[in-house]
Structure formats: structure tokens, C-alpha cells
Amino acid sequence: MLNFSQPLISEDTIAAMVATMRSGWIASGPRVVEFECLLSATFNHRPTRVLTSATGAMEIALLACGIGAGDEVITSTQSFFSTMNMIVKVGAKPVFVDCDLVTRAIDLQQVEAAITPNTKAIVPTHFPGALGDMDALYALARRHRLRVIEDAALVQGSEWQGRAIGSFGDIATFSFHPNKNMTTIEGGAIVVADEATARLVETLRFHGITRRPDDTRDVSVASGKYNMSDVSAAIGIAQLQQLPAFLAQRRQLADRYFEVFPTIADAVLPPQGVPGQSWNMFCVLLPYQHLHTTRNAFRAALRERGIATGLSYEPSHLTSLGLGLGYHAGQFPNAERIGEQTITLPLHCGMTTADVDRVCAAIADVLAPG
Ligand SMILES: Cc1ncc(COP(=O)(O)O)c(C=O)c1O
């Protein structure tokens, strides 16, 4: 079975993990500090803190921006559910807007139209293959004095005009889940613009604890526990060394998809040829109705041929939670079409271009007339 996503764990990574297990320090400690330092270097030395997930990083980012009850956060309905969930969890209201059909970048015109006196932040989600216009996004945020929290879970290694995502802007969050560009098993990072915010993140990721002058502990804000273990950080340090190779291999696989993907009228492929992009996923929209099939039948036929696929993502506003917030079908046509037609094809560092050829041949075979 060809998985649609899986991590590539080297023997060096396993050895680093085992060495940490034997070191006598397995919870947050020196490996976490080292990992943060190495990661920060990839973000132009901006303050970087690691946590147990990107979901936790989003929650902490919202709290660090002071967002809570009565606040509105404008976000794309095309994202993983964690974006919506964390906005709701901190007590704020997610204000959904649509995205571009091809790049899936948040629609900035709709963002501007959705701003009210209660708006505190914009949370765009970045997708593989192309970013939205980051200059226009930050100009808009500056004009309206809004915070920006970039959900960069899927795009570690992507660049905007030669600058790595995370190395500029306000706040960015990253994921090290096993299906991301590198992994710590579970894990995430938050990159911020200044040391004061980084210190607030440190407090918020560990019970809200601060130190009094006499070195006893104080809690001024109730927070949870999101600190990464040294075992995960050791894996992260080893994976980070391989990240450039991982990104290159993913790019090669994406390039191959563009070369050999069968011609299908009305199919929407990811953006092609944008320089400096990372390729965590390769998602295509297929017009199943015209092809006289359904997505479920199509996925089942691929599964029978040993090919697993994923769905990224169902629109947040059409979840029960989103509907309960007053949203309804028909509001965001691009995200809704993506939700109905998208399929995530296998793309990971355990694959070769021959695997891409096999996937594309299977797609052609499944969709062949008669
Ligand atoms: C766009 C996006 N944001 C956030 C997350 C959450 O990441 P994590 O599993 O590290 O919490 C994901 C996970 O798939 C994601 O795709």
C-alpha cells in the first residue's frame, strides 16, 4: 500500500532519540533549547519556541495576542479544523471568508469587507505550491491595526520573494506532525517578532507560571501544558538537518506529478512553477460527476490498486460547529468546491518518481471510459 503521507526516519534520528532516552533528561531540557536555536536560525533568528503541536501553538498565539471573549478573528474556512477550534476555544468568534480556488490562499478582499470594530486578528492558512500575496496581507493588517497569525503548519520551507515563511511578519505557527515536512512525532513551533512575546509564549505553554524575585512560582493567568519533550526535540534536531533534502525530494515528486498527471477536463491542479515553494501535499480537484463516478468510488478504486489518498480539507463553516455559529452552505463557493472535489495524492519522502508514475497510471486506468 502506498500511503498518502508518512515520515522518513533515519537511523541517525533513532540513535539521537535513544541517546536522549539514556541521557537522564527526557522532558523539556537542553535538547529543546538546542532545537529552538537551530530552528530560529532558519527563521532569520527570530524568537522561536517549540510546543507539543501546531494546534497548541495556534491557541498560545491567540492568547499571546490577547484575543478572547467578544473578539473576532477573520480566517479562511479552508484550513484544518484546529484553526477554527482554537479561535472558538479562546472565546473569540471565527469570521470565515473564502479562499482562492487554486492557491487556497485567503481572499483578502473578503477579509477587508469582514473587518468590524471587534476584529483583532487575521489568521491565514498557507498551502503548498504558492502563498497568497504576503505584502498585500501585511499592508491590510497594518492599515487596520490587526494582528496576523499565519497558520504555516503545511509550509515549513516555503518562501515569499526569497524570504522563508516565519522569517518575517507577525506570528507564524508550524507543525511537526508525522505527515508534515519534518517531524518530532507530535510537535509544533511558534515564531514571534520580539523577545517579550517569546517570554509570554514560554509562560503560556507551561501552566502560566512565572518566577517571583525570591524564585518562588506565581501564576497570573490560567494556562495549560504544551511543552515539548527533549526526546521529541532530539528527533526534531536530526530531522531539521535533513529538511533541505526532504524539501528537494518533495519538489521532485510534485514536478513529476505535473509531468505525468493525466489530462482531465475541468480538473484543478495545484499552482505550478512558483519559485521557492514547499510541497507537503499534492491535492487535486476532480469533477467526479462529469467522470461518472463519485469521490468515494474513485478513492476506493485507487485503494484497490494499493494507493491511499486523503482529504484536505472539508470547509470549516460546514462542520456542525461552523453551522452552529450560523454559517450555511453556499456562502464560500471555492472552499465548498474544494471540500467536495479535493483528493490528496501520495507525496512523501519514502516515494520515488516511479511511485508518482504508478499513481497517475492508476488514476488514468480508474477513469478510463467503459
Ligand atoms: C493547516 C493546518 N494547521 C494546523 C494543523 C495542526 O497541526 P498539529 O497536528 O501539529 O496540531 C494542521 C494539521 O494537519 C494543518 O494541516
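How many cavities of 30 Å³ or more does the count come to?

Mentor: Happy to. This is a predicted model, in which local features need pLDDT of at least 70 and side-chain atom pairs count only at pLDDT 80 or more, while totals for chains, interfaces and linings use all residues. Residues are numbered from 1 along each chain as its sequence is written, and side-chain values use heavy atoms, with hydrogens and water left out.

Rolling a probe the size of a water molecule over the atoms shows where empty space is left. On a 1 Å grid over the protein atoms alone, a cavity is a set of points where a 1.4 Å probe fits but cannot get out, whereas a pocket is an open set with protein on both sides within 12 Å along at least five of seven lines; lining residues have an atom within 4 Å of a point. Points are joined across faces, edges and corners, and the volume is the space filled by probe spheres set on them. By this rule there are three cavities of 30 Å³ or more.

The largest cavity has a volume of about 130 Å³. Its lining has 15 residues, with Val-102, Arg-104, Pro-128, Pro-270 and Cys-283 nearest the centre. By class, that lining holds 13 nonpolar residues, one polar and one charged (Ala, Val, Leu, Ile, Met, Phe, Trp, Tyr, Cys and Pro count as nonpolar, Asp, Glu, Lys and Arg as charged, and the others, Gly among them, as polar).

The largest pocket comes to about 450 Å³. Of its 28 lining residues, Phe-80, Leu-154, Asn-179, Lys-180 and Tyr-313 lie nearest the centre. The lining divides into 11 nonpolar, 14 polar and three charged residues. Tyr-313 sits in the loop between helix 9 (295–304) and helix 10 (320–324); helices (H or I, at least four residues) and strands (E, at least two) are DSSP runs numbered from the N terminus.

Helix 3, helix 4 (81–89) and strand 13 (342–345) each give at least two residues to the pocket lining, and helix 3 has the largest share, three residues.

Now to helix 3 itself. Helix 3 packs against helix 4 at about 40°, with the axes 9 Å apart (axes are lines fitted to C-alpha atoms, for helices over the stretch in contact, and angles run from 0 to 180 degrees between N-to-C directions). That makes the pair oblique; angles under 35 degrees count as roughly parallel, over 145 as roughly antiparallel, 65 to 115 as roughly perpendicular and the rest as oblique. Helix 3 and helix 4 cross in a right-handed way, where right-handed means that the near helix is turned clockwise from the far one by less than a right angle, and left-handed anticlockwise. Thr-55, Met-58, Glu-59 and Leu-62 of helix 3 meet Ser-82, Met-86, Ile-87 and Lys-89 of helix 4, contact being heavy atoms within 4.5 Å. This contact has four nonpolar, two polar and two charged residues.

Helix 3 (residues 54–64) also packs against helix 7 (residues 195–204), at about 120° with axes 10 Å apart. These two helices are therefore oblique as well, and their crossing is right-handed. Ile-60, Leu-63 and Ala-64 of helix 3 touch Thr-197, Leu-200, Val-201 and Leu-204 of helix 7, a contact of six nonpolar residues, one polar and no charged.
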